[in-house]
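Subject: Structure handover

Hi,

Here is the structure I said I would pass on.

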Number of protein chains: 2
Amino acid sequence: MDQNSLPPIQTTARDDAVLKALVGFVRAEALQPGERLPTERILAERLKVSRNTVREALTRWEGLGLVERRQGSGTYLKAAVSPDMLHMPLTLAGGNDFTSLMQTLEIRRALEAEAAALCAERASQADIAEIARKLDVMEQAFRTRDGMSSEEDWEFHQAVYRVSGNPLFEQIIAAMHELFHRFWEHPLGVRDFGHASFPYHRTIYERIAARDPQGARAEALKLIATVEDDLKRGAAKLKLSSQT
Amino acid sequence: MDQNSLPPIQTTARDDAVLKALVGFVRAEALQPGERLPTERILAERLKVSRNTVREALTRWEGLGLVERRQGSGTYLKAAVSPDMLHMPLTLAGGNDFTSLMQTLEIRRALEAEAAALCAERASQADIAEIARKLDVMEQAFRTRDGMSSEEDWEFHQAVYRVSGNPLFEQIIAAMHELFHRFWEHPLGVRDFGHASFPYHRTIYERIAARDPQGARAEALKLIATVEDDLKRGAAKLKLSSQT
DNA sequence: GTGCAGAAATTGGTTGGACCATTGGACCAC
DNA sequence: GTGGTCCAATGGTCCAACCAATTTCTGCAC
């Protein structure tokens, strides 16, 4: 017998129903991220459920990053919602040690290479100009501040992800970026972290502008490789200093 | 001044505290996935908080897939927890249409290529033998059932992810696989879906066994390309049939 | 009128207690 | 054994109140 031919039935799902109603409300009112949604008390009254149930539902959304609650102020939409949303909560074991950073970098290498390749395939002239702009800003910041242009660097990469035409790239990387933010800032005490990766930003851009997916992929791989080297150098230095 | 040197204080964070206490409990009791954790009432009493607060905390964990609640039975651990867990909830807009599947495939292509390359770098002799075993099972299933060896196919890929040495690959892909499970089974009505990708499983294995990261990466890219072609064919067929 | 301190209303966070719905085991009749 | 009934345990929901943070309003001094 096919296991799937007799799925478990669904009897009650109050808070799920609340969330579905809320999705409908957001769409009906065309709420944008940042806007405030009705208070818990009003929702409870309108939906004819207890405030407690509303709170459980909102807690779910908060956990998924869809909504932000501010005591005394209200509950605010943080991201666009749609009826056919798919949730993919990932919980990664491991803290901010060398291994975890390395593993994160491997994921980033995978996504970065693919995003650069897709970007080279799909970028319009306007997209290419936009990326060029971000690159200029980044290089400017790099020269004036001599490195540590992490904010502008991030914007350049974000632009590449966006132009790739696949929002999943940006979402996944953004989630990781937020998690490891502190460490991208001061990773293991290596002062010139990311210095070596600088020239590859331009080469990636050039391959994208030349509509060369394979080339863009290769340059992206090189960029991440330099970051990995930096990381290894930092780890080695740490190990050395801890032995003294 | 460094923004991070003065983090906002935590006046109230009851449910977070509950979760932290729960992490401690799980570790202290060495609870394994599948085991039951204390009832909400007991937790509330022990932690000196209201049962409602406990429920909100558990709702968070449930949303993250860490825990499963069964009414009348109890709350069960669904995944390993650790103090330095990192949560990365992703919500993907768009349903199970062609575009979404295509975007998912692009992510998979990125990760698959990288995982195969890492696998080729790091696999031990035992690992290679394990992958060979999965490959044999898959090819066997393919021959006897003439295609549609999705379960065994999945196990082969999982083995590659595992041997890559980076658990993040397996986690991310597993989450996506679960989401799109129904569609990997019967994607857009294409009966021989995945047929064309069959030979590349062996070529990937061969490149891994030969310790050839670049080759493994290239073969993995080819494999996903065939799946993408299948998907496009299916979409075209659908479009055609909807026009009649 | 303007500015500002303090009161008041609003809103999410927490509490305690109650009841409902489901589960799973114990027990019993057949 | 099979099938039923009962019962205690457990998660799900509800209510009413209060706490804490925030926002808004009010009224006074100038």
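Starting with the DNA: the surface near DNA strand D has 15 polar, 8 charged and 1 nonpolar residues. The classes count Ala, Val, Leu, Ile, Met, Phe, Trp, Tyr, Cys and Pro as nonpolar, Asp, Glu, Lys and Arg as charged, and the others, Gly among them, as polar.

Before going further, bear in mind that this is a predicted model: local features need pLDDT of at least 70, side-chain atom pairs count only at pLDDT 80 or more, and totals for chains, interfaces and linings use all residues. Residues are numbered from 1 along each chain as its sequence is written, while chains are lettered from A and ligands numbered from 1 in the order in which they are written.

Two or more residues each come from helix H1 (14-29) and helix H3 (51-63) of chain A, and from helix H2 (40-47), H3 and strand S3 (74-77) of chain B. Here H3(A) has the largest share, 3 residues. Helices (H or I, at least four residues) and strands (E, at least two) are DSSP runs, numbered from the N terminus.

DNA strand C is surrounded by 23 residues, with A:Thr39, B:Arg14, B:Asn52, B:Thr53 and B:Gly72 the closest. Its surface takes two or more residues from each of H2 (40-47) and S3 (74-77) of chain A, and H1 (14-29) and H3 (51-63) of chain B. H3(B) gives the most, 3 residues. By class, this surface has 14 polar, 8 charged and 1 nonpolar residues.

**Where the protein chains meet**

Chain B puts 41 residues in contact with 41 residues of chain A (contact: C-beta atoms, placed from the backbone, within 7 Å). On the chain B side, H3, strand S4 (86-92), H4 and helix H7 (167-179) each supply at least two residues, and H4(B) gives the most, with 9. That side divides into 21 nonpolar, 13 polar and 7 charged residues.

S4 (residues 86-92) of chain A also pairs with S4(B), antiparallel, over 7 bridges; strands pair if DSSP finds at least two bridges between them. In this pairing A:Pro89 stands opposite B:Pro89.

**Core and folds**

The largest nonpolar core has 71 residues, and A:Ala116, A:Cys119, B:Ala116 and B:Cys119 touch the most other members. Such a core is a set of buried Ala, Val, Leu, Ile, Met, Phe, Trp, Tyr and Cys residues joined through C-beta atoms within 7 Å. A residue is buried if 20 or more other C-beta atoms lie within 10 Å of its own, exposed if 12 or fewer, and partly exposed in between, with C-beta atoms placed from the backbone. Leaving out residues up to four places away in sequence, B:Ala116 touches B:Val160, B:Ile204, B:Ile208, B:Ala216, B:Arg217 and B:Ala220.

Chain A comes to 10 helices and 4 strands, and buried residues make up 30% of its 244 residues.

In chain B, an open sheet of 3 strands has the order S1-S3-S2, with antiparallel pairing. S2(B) and S3(B) are joined by 4 bridges, and B:Arg70 stands opposite B:Gly74 in S3(B).

Cheers

Methods. Contact = placed C-beta atoms within 7 Å. Near = placed C-beta within 6 Å.
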